[in-house]
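Let's take a walk through a protein model together. Keep the structure open beside you as you read.

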Amino acid sequence: MDISFIDLKAQYLEIKEEITNAVERVMARQSFILGEELRLFEEEFAQYLGINHVIGVGSGTDALILGLLALGVGPGCEVILPVNSFVASSMAVSKVGAVPVFVDIDPDTYLIDTNQLEAKVTKRTKAIMPVHLYGAPCDMNSIKHIAQYYGLKTIEDACQAHGSVLDGRKMGTWGDISAFSFYPTKNLGAYGDGGAVVTNDPELSTKVALLRNYGESQKYQHISIGQNSRLDELQAAILRVKMARLETENRSRREHAQTYRERLNGVKFQSIIDSATSNYHLFVIESSTRDNLIQHLKSRGIQVQVHYPTVISLQKCYQEMGHKLGEFPVAEQVAHRILSLPMGPYIKNDQMDHIIDSLNSFA
Ligand SMILES: *Cc1c(COP(=O)(O)O)cnc(C)c1O
């Protein structure tokens with residue numbers, strides 16, 4: 001039995017007709033940038049999240065960059081973020097000319113260790129960037145408390161957290177501003193690149209709307225140095241189709257996660273904090289013999305991945321910062337132990353059985 005890590009095709013087969021209709025609608029209109037589909041998607045996603053403003057942009061990375069720029073983060077500023085994330089989180093900070101300041105992770109949630117956060121605050125700190133990694137909500141109450149005490153902004157990296165919830169409130173609505181990615185394999189994925197900045201602050205919203213479109217306030221009137229980063233009409237039309245299924249699909253992911261938790265023997269899973277619900281973008285477990293386990297699963301036709309094998313501080317692109325091995329002991333150790341099991345809304349019961357049997361039979 002071959003089991004892919006994420007089965008995008010199974011989803012496509014379910015929605016094929018709606019996708020075709022959406023694409024044809026755009027083709028009939030022949031309007032491709034900043035049109036009706038984007039306007040409606042922004043409205044629908046805002047309503048889904050329970051937030052006032054959604055600004056569709058070119059990617060999740062761009063969403064982080066434009067969010068940081070709108071907050072006024074630039075050269076001379078520091079931004080505090082976890083050392084275990086996709087590299088785009090910190091690259092966005094570097095890209096706006098600020099310094100990423102890394103914090104080790106909690107050994108159970110794999111998220112930013114809020115107990116170590118405060119020690120990283122300096123006079124230059126401008127913002128905290130929590131990352132809801134694998135879809136698991138960070139402890140936003142503690143983070144906002146620290147941010148308020150020191151007068152810092154909060155920018156959520158919600159690129160993996162579409163539909164995740166803490167205290168009844170969706171992730172992405174906790175920060176001053178937040179970033180989502182619609183990369184194809186995300187829980188809400190386009191058929192190409194896409195992203196969104198979301199905020200309740202009308203001024204930040206206006207800033208991002210300008211920045212994504214050459215700082216243009218009216219046709220050929222440019223009031224700030226912006227860039228070109230827009231969610232195009234085709235992707236917006238596709239995302240509208242997929243948005244309608246997001247809750248159902250997340251529910252299915254949660255059921256699979258529950259099955260893993262109940263039936264896997266003696267396995268350590270990512271912990272989810274109290275009063276939080278993950279969207280299970282990824283289902284991450286730990287193993288002291290991780291690489292052998294990956295081989296074992298592969299031999300049984302099961303694809304798994306590692307998110308992420310190298311902590312950001314040790315990436316070559318950050319070599320000049322002079323971070324050392326041993327500086328972030330928890331994240332460094334976890335990076336050698338974690339693996340992500342197949343996860344997605346369309347995994348079948350017999351596939352789940354095969355994955356669980358294969359894991360439980362591994363000595
Ligand atoms: C996917 C992702 C990004 C970047 O999104 P892109 O759309 O690929 O640019 C940023 N942060 C995290 C945590 C992500 O998972």
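This is a predicted model: local features need pLDDT of at least 70, side-chain atom pairs count only at pLDDT 80 or more; totals for chains, interfaces and linings use all residues.

Residues are numbered from 1 along each chain as its sequence is written, and side-chain values use heavy atoms, leaving out hydrogens and water.

So what is a pocket? On a 1 Å grid over the protein atoms alone, it's an open set of points where a 1.4 Å probe fits, with protein on both sides within 12 Å along at least five of seven lines; lining residues have an atom within 4 Å of a point. The largest pocket holds about 500 Å³ of space, the volume being the space filled by probe spheres set on the points, which are joined across faces, edges and corners. Of its 28 lining residues, F86, Y183, T185, K186 and Y308 lie nearest the centre. Helix α3 (60–70) gives the most to this lining, with three residues. Helices are DSSP runs (H or I, at least four residues) and strands too (E, at least two), numbered from the N terminus.

Now look at the second largest pocket, with about 190 Å³ of space. It has 14 lining residues, and nearest its centre are G266, V267, S287, L293 and F362. Strand β14 (283–286) and helix α10 each give two or more residues to this lining.
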